[in-house]
Amino acid sequence: MTSIPNIALNNGVAIPQLGFGVFQIKPDETAEAVTEALRIGYRHIDTAQMYQNEKQVGQAIARSGLDPSEIFVTSKLNNNRQSFDDALRAFDQSLVDLGLDRLDLFLIHWPLATIRDYTEAWRALERVYSEGRTRAIGVSNFQPHHIRKLRAETEVPPAVNQIEVHPYLVQDELCAFNAEHEIATEAWSPIAQGLVLDDPAILELADRHDRTPAQVVLRWHIQLGNIVFPKSSNPKRMQENFEIFDFELSDTDLGMISGLDRNERTGPDPDVFDSVPS
Ligand code: NDP
């Protein structure tokens with residue numbers, strides 16, 4: 001079976017560089033999708049309280065016959081749970097829903113433009129981390145100014161920053177900022193939800209390497225050092241996305257893909273997004 005490389009986080013915890021994302025998989029389809037992903041060999045699942053499918057992720061893990069310690073599980077704090085006590089309660093609920101004794105990684109999902117004070121939520125994450133109930137904590141959709149504030153006002157540095165990255169939104173500066181602060185970059189929407197797959201440059205590279213466009217783009221992420229978890233509900237595409245460790249892009253190929261940058265987001269801008277579900 002393909003062996004997935006690990007990335008060492010800043011606290012020494014190892015995270016598989018390729019995982020499986022479950023955003024927009026309907027709750028009643030999630031257990032089946034995660035079961036298939038685990039069968040293929042994925043050992044890293046990225047979910048969130050907001051996705052409302054943690055229970056079904058947990059069901060698939062429980063049914064898999066694998067020891068939970070063999071699967072790296074990430075969840076994220078929902079936007080309406082950022083007060084200290086609420087964040088602790090929400091974390092407890094994630095463990096219950098996932099059927100786990102501890103998480104591998106727990107993130108603040110969004111910094112939220114109107115609330116602005118995610119440090120309280122971060123203190124709750126520090127608490128569960130210090131209790132050993134999650135092996136690492138991190139952030140998502142944080143800009144450098146958000147991270148600077150966290151570093152100035154709190155104790156534990158984030159292990160990861162999960163941000164939108166793909167060939168149309170390369171985010172060189174933010175990735176370099178993360179690296180400079182020993183924060184691993186996790187790239188969400190790694191294939192821009194399919195948007196980049198028809199790009200002529202990607203098609204040309206796919207043809208030259210005898211690979212699919214998605215494989216070429218995911219390989220670009222891997223060689224840049226990004227952690228990725230493409231979502232697919234289709235077993236064939238799940239398998240395709242898994243088979244990216246037996247070919248190599250050249251520096252010229254990597255530059256060609258990075259050169260497609262248009263600073264184009266598929267999702268919200270973290271500096272203005274402030275959706276707080278009730
Ligand atoms: P992706 O870039 O992973 O793209 C998913 C889309 O691409 C789906 O429509 C899927 O369709 C299609 N697709 C997948 N594989 C292939 C393939 N090989 N060929 C052609 N089409 C393909 O987008 P996501 O937004 O889902 O991002 C991935 C993960 O990142 C999420 O699941 C979530 O875990 C995380 N995320 C985090 C966010 C955050 O704010 N922290 C925000 C958004 C995502 P199909 O299912 O039919 O195959």
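This is a short tour of the model you have open, stop by stop.

**Before you start clicking**

You're looking at a predicted model, where local features need pLDDT of at least 70 and side-chain atom pairs count only at pLDDT 80 or more, while totals for chains, interfaces and linings use all residues. Numbering runs from 1 along each chain as its sequence is written, and side-chain values use heavy atoms, with hydrogens and water left out.

**Stop 1: the whole chain**

Show the cartoon. The chain has 10 helices and 10 strands; these are DSSP runs (H or I of at least four residues for helices, E of at least two for strands), numbered from the N terminus. The radius of gyration is 18 Å, close to the 19 Å that the globule rule gives for 278 residues, so the chain is as compact as a globular protein of that length. That radius is taken over C-alpha atoms, and the rule is 2.2 Å times the number of residues to the power 0.38. Along its principal axes, the C-alpha trace spans about 55 × 45 × 35 Å.

Now colour by accessibility. Of the 278 residues, 56% are buried. Buried here means under 20% relative accessible area, exposed means over 50%, and partly exposed is in between (1.4 Å probe, protein chains only).

**Stop 2: salt bridges**

How many salt bridges does the structure hold? The count is 13, with a salt bridge being a side-chain nitrogen of Lys or Arg within 4 Å of a carboxyl oxygen of Asp or Glu. As background, side chains of opposite charge can pair when their charged atoms come close.

Select E36 and R39. Their side chains meet at 2.8 Å, N to O. Both sit in helix α1 (residues 27-40), 3 residues apart, or about one turn of the helix. R39 is exposed, at 54% relative accessible area.

Next, pick D253 and R208, which form a salt bridge at 3.3 Å, N to O. D253 lies in helix α10 (residues 251-258) and R208 in helix α7 (residues 200-209), so this pair ties together parts that are 45 residues apart in sequence. Buried or exposed: which is D253? It's buried, with a relative accessible area of 3%. R208, on the other hand, is partly exposed at 46%.

Between D86 and R81, the closest N and O atoms are 3.5 Å apart. R81 counts as partly exposed, at 26% relative accessibility.

**Stop 3: a positive patch**

Select K26, K231, K236 and R237, which gather in a patch of positive charge on the surface. Patches take residues with over 30% relative accessible area and no salt bridge, and join like charges within 9 Å. Zoom in on R237: its place is in helix α9 (residues 235-242). At 46% relative accessibility, R237 counts as partly exposed.

**Stop 4: two positive phi values**

Now go to Q171, whose phi is near 55°, a positive value in a residue other than glycine. Look for Q171 in the loop between β8 (160-164) and α6 (172-180). Q171 is buried, with 15% relative accessibility.

Then jump to E182. Its phi is also positive, near 55°. E182 sits in the loop between α6 and β9 (184-188).

**Stop 5: C-alpha distances**

- V96 is in helix α3 (residues 84-98) and is exposed, at 58% relative accessibility. From V96 to P190, 94 residues along the chain, the C-alpha separation is 29 Å.
- Y129 is in helix α4 (residues 119-130) and partly exposed, at 25%. Y129 and L103 are 26 residues apart along the chain, with their C-alpha atoms separated by 9.5 Å.
- I222 is in helix α8 (residues 213-224) and buried, at 8% relative accessible area. I222 and L205 are 17 residues apart in sequence and 16 Å apart in space, C-alpha to C-alpha.

Methods. Patch = residues over 30% accessible without salt bridge, like charges linked within 9 Å, V, L, I, M, F, W, Y side chains within 5 Å. Areas by Shrake-Rupley, 256 points an atom, 1.4 Å probe, with all protein chains shown as cover. Lys, Arg positive; Asp, Glu negative; His and termini not counted. Charge placed at Lys NZ, Arg CZ, Asp CG, Glu CD.
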